[in-house]
Amino acid sequence: MKLFLIIGAINAMLAVALGAFGAHGLEGKISEKYLEVWKTGVQYQMFHAMGLFVIAFLLSKFPQSSLLTASGWIMFAGIVLFSGSLYVLSTSGIKVLGAITPLGGVAFIVAWIFIVVAAVKWL
């Protein structure tokens, strides 16, 4: 539980910092299209940082749930793959990196499904 709370807080902090960097440091340096891609990465990182808080809370109630633990790690992997690939794509313009983004999206979906299954099982 504590680990996912910490990982969630770090990701929320990074989302705020990267959002500010995108708004102030990248504006005028990258195209509007890539600035929007950057913003999407920030938005999904923050959403899923909050998801990690949900997982931490649920793990405090159900520490024996391997589904919740798996969900936390998969959600964290989704942040790295989805948001990370969008950040690199935005700043490098290497379009092939866009192929990694859907893997992060699938990780997000799987993580939320695991939370649903855990809720059905434990709540």
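User: Which residues form one aromatic cluster?
Analyst: The model is a predicted one, in which local features need pLDDT of at least 70, side-chain atom pairs count only at pLDDT 80 or more, and totals for chains, interfaces and linings use all residues. Residues are numbered from 1 along each chain as its sequence is written, and side-chain values use heavy atoms, with hydrogens and water left out. Rings of Phe, Tyr and Trp (its six-membered ring) pair if their centres lie within 6.5 Å, and planes under 30 degrees apart count as stacked, over 60 as edge-to-face and the rest as tilted. One aromatic cluster is formed by Tyr-44, Phe-47, Phe-82 and Phe-108.

User: How many aromatic pairs does the structure hold, and what is the angle between the planes of Tyr-44 and Phe-108?
Analyst: The structure holds nine aromatic pairs. Tyr-44 and Phe-108 form a stacked pair, with 6.4 Å centre to centre and an angle between the planes of 20 degrees.

User: Why does the pair of Tyr-44 and Phe-108 tie together parts that are apart in sequence, and by how many residues?
Analyst: Helices here are DSSP runs (H or I, at least four residues), numbered from the N terminus. Because Tyr-44 lies in helix α2 and Phe-108 in helix α4 (residues 101-122), the parts that the pair ties together are apart in sequence by 64 residues.

User: Is Phe-108 buried or exposed?
Analyst: Buried means under 20% relative accessible area, exposed over 50%, and partly exposed in between (1.4 Å probe, protein chains only). Phe-108 has a relative accessible area of 4%, so Phe-108 counts as buried.

Terms used: Helix = DSSP H or I, 4+ residues; strand = E, 2+ residues; numbered from the N terminus.
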